[in-house]
Amino acid sequence: MHEPRVTDFATTDPEQARALIAEAYRDNRLRVRGTVENYRFEHNRCDLGDVHFDFLHNTLTTEVVVQPLGRVVLLRVLGGELEIDDGVSDRRLGPGDVFVGPHPGHGYRTGMHGARLQVTGIDLTLLTEMDPARDGGAVERLRYEPVCLEKARRWQRTVDYLTGLFSEPGVEHGPLVLGAAGRLMAAVALDTFTAGEGDAHPSDRRDAVPDTVRRGIAFLEANPDLDLGVADVARACWVSVRALQLAFRRHLDTTPMAYLRRVRLDRIRAELRAAVPGDGTTVTGIAAKWGFLDGSRLSAHYRATFGESPSQTLHKC
């Protein structure tokens, strides 16, 4: 484990995206469906050595064939859809799903459909050190279907805590803190993604994100520029307002309007990052475009989500 190394990368060039994936993960073949001019790929990483935390956003439909990763990768889908075929299983995942990615020893094919992903990578040695007495090793006990809602929330809280801890600029962390962080991630990963006594079989959890939530997510992500209320979303999903709110709360631990706010924050971040010095882009102008008229309110939500202010993002350009 070492001091955090934070990197941010964005491109509209599929070949640059392929090169980034090769550097951050493994060599690959990448193919984009659709008009390349509309393509955008983002990758942010906080690298601690044996553990890394990534955010990946890929527009359009992109197919990637990747060599074995040699590490355990745990994913949470924030938006869009992801397909993974690694010879162990052929899965299609959607927003709210938290799961083990491809088998670390297998090459795999993945399809990303406008996907926004939270990706956590853990070195295999960390897992084996935490679980040395188990026959067959920790990797052989991994479950590849999405975990239950309770475990998904606990995993999310752990990742959010550590990414918040290590993303604060200018703070140094000693070896004791870094070592404890690695062991914590390995322990929570083993508890979250391996079967324990009394656990239901993964196939028992088939209603992880029901049709109501999937329709709501699709509607919100397709129309973030519209003046929407919860009743509009409910009508698009053919359910009552109460049914929609209960579904979002139960399966995503959020509300439809909070989800819409996150989508708009993502759009604001993308536009700030795409700004060119001297082109007249302002935080106020972009914020107003996406419905944030109160600058302090935007800054509070933006900092809580991305760990920096909108102006800091803009000035990095």
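## Cavities and a buried glutamate

Glutamate 63 lies in strand S5, where strands (E, at least two residues) and helices (H or I, at least four) are DSSP runs numbered from the N terminus. The model is a predicted one, in which local features need pLDDT of at least 70 and side-chain atom pairs count only at pLDDT 80 or more, while totals for chains, interfaces and linings use all residues. Residues are numbered from 1 along each chain as its sequence is written, and side-chain values use heavy atoms, with hydrogens and water left out.

Glutamate 63 counts as buried because its relative accessibility is 18%, buried meaning under 20% relative accessible area, exposed over 50% and partly exposed in between (1.4 Å probe, protein chains only). Its side chain makes polar contacts with the side chains of arginine 31, at 2.7 Å, and arginine 33, at 2.5 Å. A polar contact is a pair of N or O atoms within 3.5 Å; within protein, one must be able to donate a hydrogen and the other to accept it, and residues adjacent in sequence count only if both atoms are side-chain atoms. When residues up to four places away in sequence are not counted, glutamate 63 touches Arg29, Leu30, Arg31, Arg33, Thr110 and Gly111, contact meaning heavy atoms within 4.5 Å.

The structure holds 2 cavities of 30 Å³ or more. A cavity is a set of points on a 1 Å grid over the protein atoms alone where a 1.4 Å probe fits but cannot get out, and its lining residues have an atom within 4 Å of a point. Grid points are joined across faces, edges and corners, and a volume is the space filled by probe spheres set on the points.

| Cavity | Volume |
|---|---|
| Largest cavity | about 230 Å³ |
| Second largest cavity | about 50 Å³ |

Of the 16 residues that line the largest cavity, Leu56, Leu75, Tyr108, Thr110 and Leu117 are the closest to its centre. Strands S5 (61-66), S6 (72-85) and S9 (108-122) each give two or more residues to this lining, and the largest share, 5 residues, comes from S9. By class, the lining of the largest cavity has 15 nonpolar, 1 polar and no charged residues, with Ala, Val, Leu, Ile, Met, Phe, Trp, Tyr, Cys and Pro counted as nonpolar, Asp, Glu, Lys and Arg as charged, and the others, Gly among them, as polar.

The second largest cavity is lined by Glu42, Phe55, His57, Arg116, Asp266, Arg269 and Phe306. Strand S4 (51-58) and helix H8 (256-274) are the elements that give two or more residues to that lining, whose residues divide into 2 nonpolar, 1 polar and 4 charged.

Conventions. 1 Å grid on protein atoms, 1.4 Å probe; cavity = no way out; pocket = protein on both sides within 12 Å on 5 of 7 lines; lining within 4 Å.
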